[in-house]
Amino acid sequence: MNLVLIGYRGTGKSTVGKILARKLGRTVVSTDAEIVKRANLSVPEIVKQFGWDHFRDVESAVCRDVAAQDQLIIDTGGGAILRPENVEALRKTGTLIWLTATVETITRRIGGDTQRPSLTGTKSFTDEIREVLSERTPKYQAAATHVVQTDGVSSAQVADRILQLT
Ligand code: S3P
């Protein structure tokens, strides 16, 4: 089985994924890194040149391909759960761990990061997080096998908690 990290931007998926990979001696794959590799463009460049729908199409292909493998730690992009077929593919071969954090924690962790293009284009930074997070929460919830809260907890502690659960 794979171990799949899901959750909003800034919940620590990438850092925790690397720790888990080291502790378990497994390979970590980031769906975003895989998308960037396939497109040969950064995430903001893909979105600017081709739009979000195209980004989501490549993301779906990447989810399908990584889900076809075994024993991976999969660090997904925050929107990977938006398409039901991605969730279905990832769940078939993986345990999905939902990393949660409050709007305040997320704002603090990702503020000023230019590699994360706006998801709405219109809202202020914190309003966007508040809105998109609440819209996605039921989707993360439905997809998740386990939930791990990350506010005020170190990434190493989050990784240990995941190891206890799985
Ligand atoms: C996205 C999150 C990003 C990346 C893209 C879209 C989202 O990944 O896939 O910018 O829709 O939440 P991270 O969650 O790794 O930042």
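Me: Does Asp32 count as buried or exposed?

Reply: Asp32 has 21 C-beta neighbours inside 10 Å. A residue is buried if 20 or more other C-beta atoms lie within 10 Å of its own, exposed if 12 or fewer, and partly exposed in between, with C-beta atoms placed from the backbone. Asp32 therefore counts as buried.

Me: I note that this is a predicted model, in which local features need pLDDT of at least 70 and side-chain atom pairs count only at pLDDT 80 or more, while totals for chains, interfaces and linings use all residues. Residues are numbered from 1 along each chain as its sequence is written. In which helix does Asp32 lie, and with which residues is Asp32 in contact, leaving aside its neighbours within four places in sequence?

Reply: Helices (H or I, at least four residues) and strands (E, at least two) are DSSP runs, numbered from the N terminus. Asp32 belongs to helix H2, residues 31-39. Two residues are in contact if their C-beta atoms, placed from the backbone, lie within 7 Å. Leaving aside neighbours within four places in sequence, the contacts of Asp32 are Val43 and Gly77.

Me: How do the residues of the shell around the ligand divide into nonpolar, polar and charged?

Reply: The ligand is surrounded by Arg9, Lys13, Asp32, Val43, Gly77, Gly78, Gly79, Arg116, Pro117 and Leu119, where a residue is near a molecule if its C-beta atom, placed from the backbone, lies within 6 Å of it. Ala, Val, Leu, Ile, Met, Phe, Trp, Tyr, Cys and Pro count as nonpolar, Asp, Glu, Lys and Arg as charged, and the others, Gly among them, as polar. The shell thus divides into three nonpolar, three polar and four charged.

Me: Which residues does the UniProt annotation "binding site" cover together with Asp32?

Reply: The annotation comes from an unreviewed entry. UniProt positions are given in the numbering used here, feature names are shortened, and annotations may be inferred rather than shown by experiment. Together with Asp32, the annotation covers Arg56, Gly78 and Arg136.

Me: How many other C-beta atoms lie within 10 Å of Arg136?

Reply: Arg136 is found in helix H7. Its class is partly exposed, because the count of other C-beta atoms within 10 Å is 19.

Me: UniProt also lists Ser14 for "binding site", in an unreviewed entry. Which residues does Ser14 touch, not counting those up to four places away in sequence?

Reply: Ser14 is part of helix H1, residues 13-24. With 15 other C-beta atoms within 10 Å, Ser14 is partly exposed. Not counting residues up to four places away in sequence, Ser14 touches Ser30 and Asp75.

Me: Why do the buried residues of H5 line one face of the helix?

Reply: In helix H5 (residues 84-93), the buried residues are Asn86, Val87 and Leu90. Seen down the helix axis, they line one face because they fall within an arc, taken over the directions from the axis to the C-beta atoms, of 95 degrees.

Me: Against which elements do the buried residues of H5 pack?

Reply: The other side of H5 holds the exposed residues Pro84, Glu85 and Lys92. The buried residues of H5 pack against strand S1 (2-6), helix H4 (52-67), strand S4 (94-100) and helix H7 (125-143).

Me: With which residues is Tyr140 in contact, leaving aside its neighbours within four places in sequence?

Reply: Tyr140 has its place in helix H7. Tyr140 is buried, with 21 other C-beta atoms within 10 Å. Leaving aside neighbours within four places in sequence, the contacts of Tyr140 are Ile6, Gly7, Ile81 and Trp98.

Me: What is the phi of Asn40?

Reply: Most residues other than glycine have a negative phi. Asn40 is found in the loop between H2 and helix H3 (43-50) and is exposed, with 8 other C-beta atoms within 10 Å. The phi of Asn40 is positive, near 55 degrees.

Me: What is the radius of gyration of the protein chain?

Reply: The protein chain has eight helices and five strands. The globule rule, 2.2 Å times the number of residues to the power 0.38, gives 15 Å for 166 residues, so the chain is as compact as a globular protein of that length. Taken over C-alpha atoms, the radius of gyration of the protein chain is 15 Å.
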